[in-house]
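Here are a few exercises to work through with the viewer open. Try each task before you read its solution.

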Amino acid sequence: MKSPVHRCRDVEHGRGQAGTRSGSNCLQPEQRIPIAKDVITSSSSSAMWFIRDTCGIMCSIITWLLVFYAEFVVLFVMLLPSKNLSYSITNGILFNTLAFLALTSHLRAMCTDPGAVPKGNATKEYIESLQLKPGQVVYKCPKCCSIKPDRAHHCSVCKRCIRKMDHHCPWVNNCVGENNQKYFVLFTMYIALISLHTLLMVVFHFLYCFEDDWTKCSSFSPPATIILLILLCFEGLLFLIFTSVMFGTQVHSICTDETGIERLKGETGKWGKVPCWEAMKTAFGGSFSPSWFSPFSALSCKPDPVEHITVPQGDIIEEDVIEIPLS
């Protein structure tokens, strides 16, 4: 960018409005070329990511406590008192495996950078270092003072712009974005499975207790047993409905290559969408394999973020939209 740039004032998401300043170098809205997300260097993936939001932290703690409550009732009310050893071992292994995968997925979704754009890099020097082509337009977020790549949105809770942000979920105390959507999908899937498994065990336990003596089917008194099972049944039904809907919504978003925010703001159709299966492979980290269902596997198909790049320092620009002048 050798010549001075023409700057057009606009709002944060005013990509559909024309610039207010006149000039031959100021592009019309339909001629603007948004800057690709790969041009903007992302935050370091090795850095610890944790949002200090009171509501989100409380919701995350409640999530873990509810899983631990289900663990307590399943083990000490239904499985351990059972006279059928094979039934107890089989369901105990299955329940604990699903619970472990669900909590691990929750932890990965909460502590993984969802795709945050570097904060405070909206400087003239940094824009010049990007070596953009004439006709491209650069958008600055007025809230976190970062250069926004295409399809990035600002989260008021994370206080950052997030690439392909779907929504901010207080239950994982994080945004659901480009880098952690897989873990959020796995979390909702495993919670739905563990809820369904729990409901089936509650039904079988009630039938067993009705046929046998209530004092022999549980280590607790009959009233306490009934209360614990009813609460567990209510919890399992509630979480089954909620997480099943969230799981279906997330899979639909991946297959259609559009996020919840983009649908809400009517921004769909402004980019070249990829086929459903290609979008699934991108979101889950490569070709279909058992690693799709593992919260321990990384998204190996995604390019590693560029690190250790010296960003030229300077004053934050005032304009929200900067257009690279045409030759």
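Buried means under 20% relative accessible area, exposed over 50% and partly exposed in between (1.4 Å probe, protein chains only). This is a predicted model, where local features need pLDDT of at least 70 and side-chain atom pairs count only at pLDDT 80 or more, while totals for chains, interfaces and linings use all residues. Residues are numbered from 1 along each chain as its sequence is written, and side-chain values use heavy atoms, with hydrogens and water left out.

**Exercise 1.** Find the salt bridge partner of Arg 163, and classify both residues as buried or exposed.

*Solution.* Start with the rule: a salt bridge puts a side-chain nitrogen of Lys or Arg within 4 Å of a carboxyl oxygen of Asp or Glu. Arg 163 pairs with Glu 178, with the closest N and O atoms 2.7 Å apart. Next, check accessibility: Arg 163 is at 8%, so it counts as buried. Glu 178, at 13%, counts as buried too.

**Exercise 2.** Work out which residue Lys 164 bridges to, and how many residues apart in sequence the tied parts are.

*Solution.* The partner is Asp 257, with closest N and O atoms 3.5 Å apart. Lys 164 sits in the loop between β6 and β7 (167-169), and Asp 257 in the loop between α5 and α6 (260-264), so the pair ties together parts 93 residues apart in sequence. Helices (H or I, at least four residues) and strands (E, at least two) are DSSP runs, numbered from the N terminus. Lys 164 is partly exposed at 25%, whereas Asp 257 is buried at 6%.
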